[in-house]
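Please consider the structure below together with the terms used to describe it. The questions ask on what grounds each term is applied.

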Amino acid sequence: MQNVDAQELAKFSDLAHRWWDPESEFRPLHQINPLRLEWIDDLAVLRGKTVLDVGCGGGILAEAMALRAARVTGIDLATKPLGVARLHALEAGVENIEYREIATEVLAEEQPGRFDVVTCMEMLEHVPDPAAVVRACSRLARPGGWVFFSTLNRNPKAFLFAIIGAEYVLNLLPKGTHEYARFIRPSELARWCRDSGLALHGSRGMQYNPLTRQYWMSADTSVNYLIACRKPA
Ligand code: SAH
């Protein structure tokens with residue numbers, strides 16, 4: 001049995017043709033992308049690195065990392081977003097990127113320790129067994145490599161901001177994009193990382209001001225947050 005929820009993949013496939021429209025349902029991903037890219041590049045230094053982007057979707061982060069001169073592989077299990085990602089890279093003339101439809105756990109069997117950097121953004125809250133994805137990401141990183149995750153925290157504020165605010169009040173995301181029960185507390189994610197042999201390096205939170213429609217990063221991890229880990233050398 002694969003660690004995947006077909007309904008979740010269908011949600012992303014149905015919207016795939018709008019993935020690179022910066023005013024679409026994917027506007028939040030486009031807006032946060034420069035922020036997370038900078039954080040990742042500052043820590044892991046992408047130039048010349050072999051990078052895996054897990055749950056890459058239409059390739060917003062994967063392609064941006066390739067443009068920072070990393071050799072990038074993007075994987076996902078949704079067919080249409082991968083098609084969009086391939087086409088966009090082709091049109092943009094980005095050649096140091098490859099997309100594959102393969103489960104994280106299967107790639108971890110195939111190529112353990114291959115990647116200098118593994119990123120897995122806004123994906124864990126869509127899979128049935130996120131801890132298994134964390135384990136696979138850890139296996140895929142080389143000793144001394146970096147592993148980054150981002151997801152949504154689980155607390156009343158996150159429910160209010162990420163579901164009520166984003167889906168029902170501000171219409172930033174389609175209703176039903178996120179399911180509260182699948183949100184992940186930083187302490188839970190940190191435990192899965194430690195149990196997978198990863199050492200926690202740091203965390204950041206993503207903030208949004210609906211009046212200015214601007215995002216920024218801070219130390220506040222109460223809603224949307226990122227963590228950086230290292231696999232011991
Ligand atoms: N990481 C990208 C896209 C986030 S959207 C970004 O941050 O820009 C979530 C993505 O996770 C979708 O593309 C969806 O197809 C993918 N996904 C959901 N379940 C998955 C699974 N079990 N394996 C791989 N990808 C999955």
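This is a predicted model: local features need pLDDT of at least 70, side-chain atom pairs count only at pLDDT 80 or more; totals for chains, interfaces and linings use all residues.

Residues are numbered from 1 along each chain as its sequence is written, and side-chain values use heavy atoms, with hydrogens and water left out.

Q: What makes the radius of gyration of the protein chain agree with that of a compact globule?
A: The radius is taken over C-alpha atoms, and the globule rule is 2.2 Å times the number of residues to the power 0.38. For 233 residues a compact globule would have a value near 17 Å, and the protein chain has 16 Å, so the two agree. Along the principal axes, the C-alpha atoms fill a box of roughly 45 × 40 × 35 Å.

Q: How many helices and strands does the protein chain have?
A: The protein chain has 8 helices and 8 strands. These are DSSP runs numbered from the N terminus, with helices (H or I) of at least four residues and strands (E) of at least two.

Q: Why is His-126 called buried?
A: Buried means under 20% relative accessible area, exposed means over 50%, and partly exposed lies in between, with a 1.4 Å probe and protein chains only. His-126 has 9% relative accessibility and therefore counts as buried. His-126 is found in the loop between β4 and α6. Not counting residues up to four places away in sequence, His-126 touches Asp-5, Glu-8, Phe-12, Thr-177, His-178 and Arg-182, where contact means heavy atoms within 4.5 Å.

Q: What makes Glu-125 count as buried?
A: Its relative accessibility is 2%, so Glu-125 counts as buried. Glu-125 also lies in the loop between β4 and α6. Leaving aside neighbours within four places in sequence, Glu-125 is in contact with Ser-150, Thr-151, Leu-152, His-178, Arg-182 and Ile-184.

Q: What makes helix α6 mostly covered?
A: In α6 (residues 130-140), 9 of the 11 residues are buried. Among them are Val-133, Ala-136, Cys-137 and Leu-140. The cover over the buried residues of α6 includes β1 (50-54), α5 (104-110), β4 (115-121), β5 (141-152) and α8 (186-195).

Q: Why are α6 and α8 called oblique to each other?
A: Axes are lines fitted to C-alpha atoms, for helices over the stretch in contact, and angles run from 0 to 180 degrees between N-to-C directions. Angles under 35 degrees count as roughly parallel, over 145 as roughly antiparallel, 65 to 115 as roughly perpendicular and the rest as oblique. The axes of α6 and α8 are 9 Å apart, and the helices pack at about 45°. The pair is therefore oblique.

Q: Which residues of α6 and α8 meet?
A: Pro-130, Ala-131 and Val-134 in α6 meet Leu-189, Trp-192 and Cys-193 in α8. By class, this contact has 6 nonpolar, no polar and no charged residues. Ala, Val, Leu, Ile, Met, Phe, Trp, Tyr, Cys and Pro count as nonpolar, Asp, Glu, Lys and Arg as charged, and the others, Gly among them, as polar.

Q: What makes α2 oblique to α3?
A: The axes of α2 (residues 27-44) and α3 (residues 60-67) come within 10 Å and cross at roughly 45°. That angle makes α2 oblique to α3.
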